[in-house]
Amino acid sequence: MKQDLIELSEQFPGLTVTIKLEDLLSAGRTIAAELIDSVNEKREYVPVPQPDIDELVTKEEAAKKLGISPTTLWRWSKVGYLVPVKVGVQVRYRLGDLRELISRKGGNV
């Protein structure tokens, strides 16, 4: 008759068991592998939608979204308040940066 360790511990709470270190390590590795397999079987891959933080907008679009003039946007970029991205000779702004700036001010894009 085969009993598992939980049943034995319930029936004989003071029971002392002697086990070779090699067997203990093997049992631990087996348990770990079974646990990992169990978790992986239950895990369902759901792709996380990537935010459009890297989407770039023109300076005109950025100024409109922020509700400021292009001159204010230019001043902000000069003082480092809102840093633009250079694409060749063109100036663009990260939509994620605009959203972050607006959310700090209590609004939304």
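# Briefing: helices, sheet and core of a predicted chain

Directly after helix α3, G67 has a positive phi of about 70°. Helices (H or I, at least four residues) and strands (E, at least two) are DSSP runs, numbered from the N terminus. The model is predicted, and local features need pLDDT of at least 70, side-chain atom pairs count only at pLDDT 80 or more, while totals for chains, interfaces and linings use all residues. Residues are numbered from 1 along each chain as its sequence is written, and side-chain values use heavy atoms, with hydrogens and water left out.

**The chain as a whole**

- The chain contains 5 helices and 3 strands, and from the N terminus these elements follow the order α-α-β-α-α-β-β-α.
- Of the 109 residues in the chain, 14% are buried (buried means under 20% relative accessible area, exposed over 50%, partly exposed in between, with a 1.4 Å probe and protein chains only).
- The accessible surface of the chain is about 9300 Å², and carbon and sulfur atoms hold 57% of that surface (areas come from the Shrake-Rupley method with a 1.4 Å probe; for residues, only the protein chains shown count as cover).
- Among contacts with a separation of 6 or more, 49% join residues 24 or more positions apart (contact means heavy atoms within 4.5 Å).

**The strands**

- Strands β1 (56-58) and β3 (90-94) run antiparallel and are joined by 3 bridges (two strands pair if DSSP finds at least two bridges between them).
- In this pairing, L56 is opposite R94 of β3.
- Strand β2, residues 85-87, also pairs with β3 in the antiparallel sense, over 3 bridges, and V85 is opposite R92 of β3.
- Between β2 and β3 there are 2 residues, and the two strands form a hairpin. G88 in the turn has a positive phi of about 65°.

**The largest nonpolar core**

- The largest nonpolar core has 11 residues: V57, A62, A63, L66, L73, L82, Y93, L95, L98, L101 and I102 (a nonpolar core is a set of buried Ala, Val, Leu, Ile, Met, Phe, Trp, Tyr and Cys residues joined through side-chain atoms within 4.5 Å).
- Two or more residues of this core come from each of α3 (59-66) and α5 (95-104), and α5 gives the largest share, 4 residues.
- With neighbours within four places in sequence left aside, the contacts of L73 are K59, A62, A63, L66, I68, L82 and Y93.

**Helix α3**

- A62, A63 and L66 are the residues named as buried in α3. They line one face of the helix, because their directions down the axis of α3 fall within an arc of 95° (the arc is that of the directions from the helix axis to the C-beta atoms).
- E60 and K64 are exposed on the face of α3 turned away from its buried side.
- The cover over the buried residues of α3 includes β1, α4, β3 and α5.

**Helix α4**

- T72, L73 and S77 are the buried residues of α4. Their arc around the axis is only 140°, so they lie on the same side of α4.
- The other side of α4 carries the exposed residues T71, W74, K78 and V79.
- Elements that cover the buried residues of α4 include α3 and β3.
- S77 counts as buried because its relative accessible area is 19%. Apart from neighbours within four places in sequence, S77 is in contact with L82, P84 and Y93.
- Directly after α4, G80 has a positive phi of about 85°.

**Helix α5**

- L95, G96, L98, L101 and I102 are the buried residues of α5, and they pack against β1, α3, α4 (70-79) and β3.
- Directly after α5, G106 has a positive phi of about 90°.

**The aromatic pair**

- The whole structure holds 1 aromatic pair. This pair is W76 with Y81, in an edge-to-face arrangement with 4.8 Å centre to centre and 70° between the planes.
- Rings of Phe, Tyr and Trp (its six-membered ring) pair if their centres lie within 6.5 Å; planes under 30 degrees apart count as stacked, over 60 as edge-to-face and the rest as tilted.
- W76 is partly exposed because its relative accessibility is 21%, and Y81 is partly exposed at 34% relative accessible area.
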